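I opened this entry to look up how the strands of the model pair and what surrounds a few of their residues. My notes follow the display.

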Amino acid sequence: MATNSFYCNKCKKYTIHYELSWNEFQASTGDDEFGNQIITRFCDITGISKVAKTLTGDRFWKCGECGDTMIRNSAGDEV
């Protein structure tokens, strides 16, 4: 699990952020549709989501302070 430090818009300060898998991010958004869970798990297990992260540069992050989740690009800006 990768970590980085970003400015959190919810906490209003720089905090440690933890990288999430696609499935973890989807669960944190409250999307509990069964079909979506299967797709994101399949993509995480087979490595498809890793390829997508490499191509787009977008990653899923969770604030270590407040637990807010966000998508950030390779520059660290929120998408």
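I take two strands as paired if DSSP finds at least two bridges between them, and the elements themselves are DSSP runs numbered from the N terminus, helices being H or I of at least four residues and strands E of at least two. The model is predicted, with local features needing pLDDT of at least 70 and side-chain atom pairs counting only at pLDDT 80 or more, while totals for chains, interfaces and linings use all residues. Residues are numbered from 1 along each chain as its sequence is written, and side-chain values use heavy atoms, with hydrogens and water left out.

**Sheet.** I looked up the sheet and found an open one of 4 strands in the order β1-β2-β3-β4, with antiparallel pairing. Its edge strands are β1 and β4 (69–72), each of which pairs on one side only. Neighbouring strands are turned against each other by 45 degrees on average, direction ignored; for this I note that axes are lines fitted to C-alpha atoms, for helices over the stretch in contact, and that angles run from 0 to 180 degrees between N-to-C directions.

**Pairing of β2.** I then followed β2 to both of its partners. Antiparallel β1 and β2 are joined by 6 bridges, and threonine 3 has tyrosine 18 in β2 as its bridge partner. To β3 (residues 59–63), which also runs antiparallel to it, β2 is joined by 4 bridges, with glutamate 19 partnered by tryptophan 61 in β3.

**Turn.** Which residue in the turn of the β1 and β2 hairpin has a positive phi? I find lysine 12, at about 65 degrees, in a hairpin with 4 residues between its strands. Lysine 12 sits in the loop between β1 (3–8) and β2 (13–20), and it is a residue other than glycine.

**Histidine 17.** A polar atom of its side chain lies 3.0 Å from the backbone oxygen of threonine 15.

**Isoleucine 16.** Isoleucine 16 is likewise found in strand β2, and I noted that Met1, Ile16 and Tyr18 make a nonpolar surface patch of about 350 Å².

Definitions and conventions
Patch = residues over 30% accessible without salt bridge, like charges linked within 9 Å, V, L, I, M, F, W, Y side chains within 5 Å. Areas by Shrake-Rupley, 256 points an atom, 1.4 Å probe, with all protein chains shown as cover. Salt bridge = Lys/Arg side-chain N within 4 Å of Asp/Glu carboxyl O. Polar contact = N/O pair within 3.5 Å; in protein donor to acceptor, adjacent residues only side chain to side chain.
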